[in-house]
Amino acid sequence: MDLTRCISCFQYTPKLISPFRQQTTLKPNFTTISNNHSTISTTRMVAIKARVEGAADAETAVVEKPKLIKRFQVSEGYPAPFGATLRDGGVNFAIYSANAVSATLCLITLSDLQQNRVTEQISLDPLTNKTGDVWHVFLRGDFKDMLYGYIFGGKFSPEKGHYYDSSRILLDPYGKAVISRGEFGALGPEDNCWPQMACMVPTSEDQFDWEGDLPLRYPQRDLIVYEMHVRGFTRHESSRTEFPGTYCGVVEKLDHLKELGVNCIELMPCHEFNELEYYSYNSVLGDYKLNFWGYSTVNYFSPMTRYSSAGIDNCGRDAINEFKHLVKEAHKRGIEVFMDVVFNHTAEGNEKGPALSFRGVDNSVYYMLAPKGEYYNYSGCGNTFNCNHPVVRQFILDCLRYWVTEMHVDGFRFDLASIMTRSSSLWDSVNVYGNPLEGDLITTGTPLRNPPLIDMMSNDPVLRGVKLIAEAWDTGGLYQVGAFPHWGFWSEWNGKYRDIVRQFIKGTDGFSGAFAECLCGSPNLYQEGGRKPWNSVNFVCAHDGFTLADLVTYNNKHNLANGEDNNDGESHNNSWNCGQEGEFASISVKKLRKRQMRNFFLCLMVSQGVPMICMGDEYGHTKGGNNNTYCHDNYINYFRWDKKEDSSSDFFRFCCLMSRFRCECESLGLNDFPTAEKLQWHGHTPGMPDWSDTSRFVAFTLSVQDIDGSHWWIPVSLHHLTFYPLKS
C-alpha cells in the first residue's frame, strides 16, 4: 500500500449528502431511525420488548400490523459461532459487544433497504439473550431476500473510547455479504455516497458446486506471482469480455496468465469497500475521484459485491458464488489465488469518520486508542486496527479460516503487516501470556517480539500450508524487512530487493555487491533467521509506484491528474528516464528503455526467491508517470489489451520466454541459498568479479544437478557491452 496515498481523504466532505449528517423526521405511528448516512423509517416491529430510544410505544405499530407478530419464532439463541448461522431449521445471530448496554437485531428486506426502511426490529434481553459479552438470538421464519444489521445502545463518550448511538444501524463484523449499491461507482438514493448497508441472512439455498476443487499447494519456491486488480484487469473495452471489470471478466482472461507463465494471482483488495469513500469532482480529468484500489475495508468476510456481474442480486449470494467461480477456474488452470488483505485499518477513519460497524459495535476493543480516546494512526488512514487484542485477533483468524475453507483461497498478502506486530490498547501481559513479564513496560503500539496474532496464524492447523506474505512496514516508521516475526512460515515483500535492483540497473555507484545478494535470494536478510530464499517475494514494481515502463521513462512523478498539485505519492523512485523525460523521445532513447525493461525482467526471473509481476508490466503499461493512481477508475489503471496485442511490441513474448526459462531451470528455484560450491561470480574476466563502486557488470554461473543428471550454467550480464557466456 502506498504510504502517502491520499493527503485529503479525511479533509474532504462530499457536496452531495454528507456521510456524517444525521436526519430525523418524525411521522405519526412511525419510528424514524437516523443512522450516520441515511434516514431509516421503521414501520413494523415485533412485540418482544421492541422499543427504540425516543420512539413511540412499540405496540402502536403492532396493532396496525398484527399479522407480522408470527413472522418469526424467537428464542434465546446461542453465543457461538459469531455471525448469522444456519442451524436447527432457523438462523442463529451472535455478536460480541462488551460495552453496549442494549442490542437490537434489525431485519430488512432487500426492497425495504432500497426505500430506507427497516422491516422488523427485535430487541435482545440482556438476561436471556446475552452470554458473557456475546449478544445472541435464534429465529425461525421466512428469510427470503432478508438482510440484517444491529443497533447498540450505550455511552457516547469518545474520551473513553465509546461511540454508541442507538440511531445507527451497524454491520455485523462477521456478516458474509454486505449489500448497499449494486453498481460500481453509482451513487445511492438522493445521490448519497454512503447509503445504508446491511448483511445477508444465510439460507439453505446457499450452495456452490466446487466440482471436487482442491488446493494446489505448490511449493512456494515454484511460484510466479501476478499482482492484479480485478476491475482494472478487464474493464477496458479492448478486453472484449462479456462481463468487463468483474470476477467473471477475470475468468475470461485467465488463459493470458497461463501464456505468461504465471501460476499464482495476488488479488488487490476484494473485501467489501466503498469506492465512493472520497468521491469528488476531479477538474484535471473532468471525472470523479473514486477509491479504486480498495485499501479501506468495510467488511472482511464479504467479497466486494460490485466486482460481481450480478451485483446485489440474490442478496449477495451470487457475488459470493462468482468469487468462488473465479477461484475454481483459476485452480483448473493451475493458478493459485492469493488475497491482499487490509487488517491494519478500516474505512471508519478517525473520530470524524462514519460509524459503519466496528466503531458502533465496540470501538474501544476494535481500535488502538490513546488514554483519552484518540485514535493511533500507524496506518496513515485515520485509525489502527487493534490486532493483538484477544477478541480482535480471534476475529482475524476466523476471517482467514473462512476464506480458506469456504472460498478456497490459497494465500494472503498482508498490507502494512507490521501493524499486526504492535501491542494492543491497554496491553496486559497477564491477559496475553498468562503471567507478567519481568520488566514489562510495554505501551500501546510497541512492536512485540512475539506478537500473539502472528503466533496464532503461524501455528493454526487450518492455515497450515496456506501462504502468508507480509508487507513488513507501516507508516509509523516500523520497517521489518528481513526481521518480521516469522516462525519459519512467513514470507515478505522484499522492498530492499526493489530498491537495490533499481539502483544497480539505472547505474548508481556502489550497488554491485548488494545486487549480487539480491540474485541469491537476499541471504543477508533471511539466512541468519533460518528462512529460505523463497521467503523473499521479489518485485521491481507494484500497484503503488511507477510501472515498469514508467520506471525507465520518468525521473520525476507526474501526479497532477490526482488533483492534489503533485503533492501526493512517493518522490524518491530510483528511476531513470534514459536521457529524456516522458514518452516522446528519440529512437535511441526508446531502444535503451526497452533494453532496460528487459534487464529488470531478466533479473526478476533469474533471482532466487519468488518473483512477482505487476499487472500490465508484461506489455509495458504506462500511467503517464503517475505513481499514486489510487483514485482513477479510468484508462490510467485499466489493462490495455489492445496494447498487449500490438504486433509491433515483442516485450510480452520476451516475458513469456523468460518465465518459461525460469520454470524449466530447477536451479532458479532452490530450496536453500546457493553456496560457493555451486555458484561462481564473474567480471569481464571469468572467475574475477568486479565489486568496485563503479562496477556496472555482474555475471554468475550456477550449477545444480537436475533430476535427469544434466547441469545448468546461467550467465547474466547487465552491462552495455556484449557478454559471451562461458563454455561448458
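Biologist: Buried means under 20% relative accessible area, exposed over 50% and partly exposed in between (1.4 Å probe, protein chains only). Is C199 buried or exposed?

Modeller: C199 is buried, at a relative accessible area of 0%. This is a predicted model, where local features need pLDDT of at least 70 and side-chain atom pairs count only at pLDDT 80 or more, while totals for chains, interfaces and linings use all residues. Residues are numbered from 1 along each chain as its sequence is written, and side-chain values use heavy atoms, leaving out hydrogens and water.

Biologist: And C193, buried or exposed?

Modeller: C193 is buried, with 1% relative accessible area.

Biologist: How many disulfides does the structure hold?

Modeller: Zero disulfides, counting pairs of cysteine sulfur atoms within 2.5 Å.

Biologist: Pockets next. How much space lies in the largest pocket?

Modeller: About 950 Å³. A pocket is an open set of points on a 1 Å grid over the protein atoms alone, with protein on both sides within 12 Å along at least five of seven lines; lining residues have an atom within 4 Å of a point.

Biologist: What volume has the second largest pocket?

Modeller: About 660 Å³.

Biologist: How many residues line the second largest pocket?

Modeller: There are 25. A84, K176, P202, Y402 and E406 lie nearest the centre of the second largest pocket.

Terms used: On a 1 Å grid over the protein atoms alone, a cavity is a set of points where a 1.4 Å probe fits but cannot get out, and a pocket is an open set with protein on both sides within 12 Å along at least five of seven lines; lining residues have an atom within 4 Å of a point. Grid points are joined across faces, edges and corners, and a volume is the space filled by probe spheres set on the points.
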